[in-house]
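Subject: Structure for your files

Dear colleague,

Here is the structure I said I would pass on. My notes on it follow below.

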Amino acid sequence: MERKNTYASDSEVRILLANVSFEELSESDDTSLYSGKNVEVLQNSYASITSKKVVLKVYKRRWFILGLFSLLSFMQCTVWNTWGPISESSLTAFPSWDATTIALFGNWGTITFVIFTVPLIWLCDLYGLRVGMMVSALLMALGTSIRCISMNETIFTWMAHSGANFNGIAGIVLCAVPPALSSHWFPPNERTTATGISSVFNQLGNAGGFLLGPLLVREPDLSNNKTVMKNSVRLLRNDILNLMDAEALICAILFFCVVLYFPSRPILPPSVTSTVQRLNIKDGVLHILKNREVLLLTTAFSLSQGVLGVWLSVMNMMIEMNVNLEPLGFNQVQSGWLGFWAILASCVLALVIARLTDYLAGHMKKTITVLLVVSSIAFTILAMMCLAMIEPSLYLLYATVIIGSCANYATTPLFMELAVEMAFPVDETVVGGFMSCTYNLVGALFLFAFFIPDIGVTWMNYCLVAAPAVSLPFVFLAKEEYRRSSLDKECAGDRSLLVNSTQGCNEEM
């Protein structure tokens, strides 16, 4: 496997000429059948000119690759959100657990993400997406399998913590790779859609946790009768074991699918910019840290998404512990369905927005701004209801959580793609890893607050409102720039000369 060439800085690469001929491609991958005009690139540090031929092709199998990746992303988030939706049952089945234990299970994912981001991104940068995906799928299979060893409370607790760590490490690649996957396999007019689909399935995994957990694990019997309680604990542990078995089986199947077929990239590239040599991980990170626009977007993304993502995982506890919402009689099952419908609606909107963005390019910043404003308004109404400033209503609770989550989550693929555009030619995996790392850092800080004695849950309302609202100034200050897409469009200038071409362009670095 070849290691990527490195460049000292983005400024050392200038495009002088990009004339690409478009050739109609057959189903064969034999590049000797095609010819393309040379693309001349000047590196001003060495004043040397290099040439290369570019042949482009879009493969149907890209949807299989995206589908397999999306399923892995789905399960990773489902496993991460195992315990929040069944917190009542878990606390009854394992008396030594408390609210901080449930919060820590979720927090392991964010902690390990921050610690292991650099090694995992380096692995993908050096050996490609296939190796990164195999490692992630193996960690998921291992992390879910060890939880099935024993239902002894002490052993199971340790295995649950270990499994959460393995699953958290696996999430690094799955959260960072979507922009790179879309760049490697999809043409320019499908990239945001592809990123949106993979991001949506990760969010759907959250919904999977809300659905699968309460479906397999019954609600606890809170009777004071010791015999009844003992029998309830036994039944609950059996239900939880069934849930662990189900998650382990699915993860094992997905691991074998990745081993069987998951290439890092197609033989022929789908766009010109996918052929451009990216900066290595070190230079890429330095480039990001010097890029004001990318840092502004990363801050906005991390604040808006980081808080909501972990809030949904502990929403059940927040609503049930809020005295002003007690008249609603909100329970574990209702919390599960609310989380499920909120995330499902969010995913539908995210896909619609992503597809429209591919058709109506150049408006990502405006779209992000509108969605964050809507999210802020919805969560403000929710906070007012939690603080008894307006009369609590079950319908209003559902409406505010669903609308706020929809608007917030729909910005995810837009943030990712716009940051990649601004950071080009930094590797998409590096950009995605950097953004996901800061996102998880915000989530970790949020969950760590549960360890503060007697902190209650009111502070969660303020954070939920502040997260999208505080993000808005950062989005407003970021200068919108489409460096990657502009190059693809420039290279496609002669497209009118083609008949039934799969697609083409060329580029340089």
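Which helix supplies the largest share of the nonpolar patch? The answer is H3, with three residues. Please keep in mind that this is a predicted model.

The patch lies on the surface and is formed by Val-114, Ile-115, Phe-116, Leu-441 and Leu-445, with about 440 Å² of accessible area together. Helix H3 (99–127) and helix H16 (428–448) each supply at least two of its residues. Val-114 lies in helix H3 and counts as partly exposed because its relative accessibility is 31%.

On the aromatic side, a search of the whole structure finds 13 pairs. Phe-94 and Phe-156 are stacked, since their ring centres are 5.0 Å apart and their planes are at 10°. This pair links distant parts of the chain: Phe-94 is in the loop between helix H2 (87–93) and H3, while Phe-156 is in helix H5 (residues 153–176), 62 residues apart. Phe-94 is buried at 0% relative accessibility, and Phe-156 is buried with a relative accessible area of 0%.

Phe-301 and Phe-415 form an edge-to-face pair, 5.7 Å from centre to centre with 65° between the planes. Here too distant parts of the chain are linked, with Phe-301 in helix H10 (residues 292–313) and Phe-415 in helix H15 (residues 412–423), 114 residues apart. Phe-301 counts as buried at 4% relative accessibility, and Phe-415 counts as buried at 0%.

Ring pairs also join Trp-83, Phe-94, Trp-97, Phe-105 and Phe-156 into a cluster. Finally, the charged end of Lys-365 sits over the ring of Phe-476, 5.7 Å from the ring centre.

Regards

Key
Residues numbered from 1 in each chain as written. Predicted model: local features only at pLDDT ≥ 70, side-chain atom pairs only at ≥ 80, totals over all residues. Heavy atoms only, no water. Patch = residues over 30% accessible without salt bridge, like charges linked within 9 Å, V, L, I, M, F, W, Y side chains within 5 Å. Areas by Shrake-Rupley, 256 points an atom, 1.4 Å probe, with all protein chains shown as cover. Salt bridge = Lys/Arg side-chain N within 4 Å of Asp/Glu carboxyl O. Helix = DSSP H or I, 4+ residues; strand = E, 2+ residues; numbered from the N terminus. Buried < 20%, exposed > 50% of the residue type's maximum accessible area, 1.4 Å probe, protein only. Phe/Tyr/Trp six-rings, centres within 6.5 Å; stacked < 30°, edge-to-face > 60°. Lys NZ or Arg CZ within 6 Å of the ring centre and 35° of its normal.
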